[in-house]
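Work through the exercises below with the sequence and the 3D view at hand. Try each task before you read its solution.

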Amino acid sequence: MRVRTDVPALSRLFDYAVPDTWTDDVIVGTRVRVALHGRRVGGWVVDDDVTPPEGVEPLPLKGWSGWGPPAPVIDLAEWAAWRWAGPVSFFLGVASPLRPVRRLPAVPGGAGRAGDSALANAFDEMVAQAIREGAVGEGTSTVLRIPPTTDLIDLVLSVVTAPQIVGRPGSVVVLVPSVGWAERLCGRLVRRSYRATTDWAAARAGWPIVVGSRAAAWAPLPQVSAALVLDAHDEAYKEESAPTYSAVDVGTERARRAGSPCIVTSPCPSTVLRAGRAEHLLPVTAERAGWSAVERVDRRGADPRTGMFSEEFVRLARTVLDDPDGVARRGPLVCFYDRTGRARLLACAHCGELAQCTTCGAAVAQHGTGLRCPRCGSERPLVCAACGKLRMKTVRVGVSRLREELAALLGSEVGEVSGPAVARSAGRAASGSVGGGAGGPSGGPSGGPSGGDGIPATPVLVGTEAVLHRVRRAAAVVFLDIDLHLLAPRFSATDETLALLARASRMVGPRHTGPAWARLLLQTRVPDHPVLEAVARGDLSEVAEGEEAMRRSARLPPFSALASLTGPLAAGYADALREAGVGTGVTLSELPDGGYLAQAQDHGALCDLLASVPRPGGRGLRVAVDPAAI
Ligand SMILES: [Zn+2]
Ligand SMILES: [Zn+2]
């Protein structure tokens, strides 16, 4: 038996013999304990057909630790180790159960109601297009742009009952961004008599439908008949610490290797998500109807004494709070304000026009006697683009008093929701769930099905991004300053802003169905910004085209592949890469906040180079392939 140990720094494989006395199965994936240099370590069998070299008598395995991932997942981990420049054992850990699984449950026959013809729904045609008869078996990948307020269970049902998928051997894996969502979705499927599970052992046994969050991309299904990723734009799919793998990419590669279709959905698919995938849209009217109503409030001429709160905002708040059915039936009035890591805004002291970069649109900062763009580096003179005046002022608010000011203004109780956005521990669920081996042992379940974890029961809530992650329903959502996000000094500003607006839209519900006041209210000094136009119209096509053109000309992903190198040893490693990378087209540059950026034509060149240059041991270097926030 060839064994990969769980010692991350050790990439070598070792051979062992199965003791004659063992009665448990030892196959590829089985978790074992072995003796290594006088100590015992854990590991996985990665090859069960090994002939040891002549004269070598392998040591016996020391312990049997139960079932592990199946052979295709072992191979997938090898690929992921290359793709995200991390240890194979890390990925095998994510794919393994937290506690030993010694026995697998018996698999029920069939997917439950799968194949029931009475289930036709609005997505059947879209799904059929995505998995055309001829394309099944080729591992095609599709992105469906579906507006945010859609109940995606119809889509899930459409996929698990599609005749082309029912006819294939294996299980359907469904990924969602959070553990809470996975539990709710699995519960709804089970109540409708579908054989769905979030359990590791059931998945390993080959349950027909497996649901989970990020780490479930590694669910131990022996065979995948289709992969479905809901809300694929959600940043929770991406592991934050290195190796910075994306569950969307893992799920896609996994389906491709199995020759099975992969369908990802998003209300706002990014250029990266659209690359290499066929895109299917709903009819314009259906997409539009699935976004919330949007009101933009132009703050350019705002009297500074009215602070953060426009007349339009106060009017909306009063209407919602005065309606006896408002907060009670629809949820609180949510006010969102988050300036961490966001744009610093300069506005014309005369007319209130924001100072933006003429090349990329980001908010610019004063630099010497001129203006400089922190996103793309363009410079221009310090002149208002609207009125030609020369004086700028910083747009500033005291955040600490926001809650008090709001309470006084509305004469209502106001609760605050801040802190981490919760979803970051998406890899973890109850200890028996798929992907239970990911992350640290303290990362318990989060965002339970009720969603009511510690949120103040006040009619008005104000908060940072956490308020959009932890509150599930809202009468209306107010972005007190959407410009902080729209004009943030990062190329991902548009993708991030759209994700926030989609999330808020889902909290409020579709336009034309609720009370007239149910809406997103966006306070802005750039009311005609294409992103705001698109969301107000409920049609993202133009923004998507603009983003793609910008990324192509700036040679950003998906038109290149990036890795960031940070930490005290980054400079030395960057030098080594530069030297080894001559002729490969990989370039290295310094990042403004420290560290280095490696840029290549594609992941082939980038990951081959990273794999070929040995890395210093220890914690002095972090390599993040596909870094977020560039
Ligand atoms: Zn001006
Ligand atoms: Zn710029």
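This is a predicted model: local features need pLDDT of at least 70, side-chain atom pairs count only at pLDDT 80 or more; totals for chains, interfaces and linings use all residues.

Residues are numbered from 1 along each chain as its sequence is written, chains are lettered from A and ligands numbered from 1 in the order in which they are written, and side-chain values use heavy atoms, with hydrogens and water left out.

**Exercise 1. The zinc site**

Task: Find which residues coordinate the zinc ion (ligand 1).

Solution. Step one: list the donors, meaning N, O and S atoms within 2.8 Å of the metal (3.2 Å for Na, K and Ca); water is not among the atoms, so sites may look incomplete. The zinc ion (ligand 1) is held by the SG atoms of Cys348, Cys351, Cys384 and Cys387, at 2.3 Å.

Step two: check the angles. The 4 donor atoms subtend 105 to 117°, so the arrangement is tetrahedral.

Step three: read the spacing. The donor residues follow the pattern C-x2-C-x32-C-x2-C. Cys348 in strand 16 (residues 346–348) and Cys384 in the loop between strand 19 and strand 20 (392–394) are 36 residues apart, so this pair links distant parts of the chain. Strands are DSSP runs (E, at least two residues), numbered from the N terminus.

Step four: check burial. Buried means under 20% relative accessible area, exposed over 50%, and partly exposed in between (1.4 Å probe, protein chains only). Cys348 is buried at 0%, and Cys384 is buried at 4%.

**Exercise 2. Disulfides**

Task: How many disulfides does a search of the whole structure find?

Solution. Step one: apply the cut-off, a pair of cysteine sulfur atoms within 2.5 Å. The search finds 0.

Step two: look at single cysteines. For Cys186, the nearest cysteine sulfur is that of Cys262, 20 Å away. The sulfur of Cys268 is 17 Å from the closest one, in Cys262, which is too far for a bond. Cys186 is buried at 9%, and Cys268 is buried at 5%.

**Exercise 3. Strand 12**

Task: Is strand 12 (residues 262–266) enclosed or open?

Solution. Step one: count the buried residues. These are 5 of the 5, so strand 12 is largely enclosed by the rest of the structure.

Step two: sort the directions. Cys262, Val264 and Ser266 point one way, while Ile263 and Thr265 point the other way.

Step three: find the partners. Two strands pair if DSSP finds at least two bridges between them. Strand 7 (residues 141–145) pairs with strand 12 in the parallel sense over 5 bridges. Strand 11 (residues 224–229) also runs parallel to strand 12, over 3 bridges. Val264 stands opposite Val143 and is the bridge partner of Val229.

**Exercise 4. An open sheet**

Task: Give the order of the open sheet of 3 strands.

Solution. Step one: the order is 17-18-19, with antiparallel pairing. Step two: strand 17 (365–367) and strand 19 (379–381) are the edges, each pairing on one side only.

Step three: 3 bridges join strand 17 to strand 18 (residues 370–372). In strand 18, Gly370 is the bridge partner of His367.

**Exercise 5. Trp22**

Task: Which residues does Trp22 contact, leaving aside neighbours within four places in sequence?

Solution. Step one: locate Trp22, in the loop between strand 2 (13–17) and strand 3 (31–36). Step two: apply the contact cut-off, heavy atoms within 4.5 Å. The contacts are Leu61, Lys62, Gly63 and Trp64.

Step three: Trp22 is partly exposed, at 22% relative accessibility.

How values were computed. Helices (H or I, at least four residues) and strands (E, at least two) are DSSP runs, numbered from the N terminus. Four donors count as tetrahedral if all angles lie between 85 and 135 degrees; four count as square planar and six as octahedral if opposite donors are over 155 degrees apart and all others between 65 and 115; anything else is irregular.
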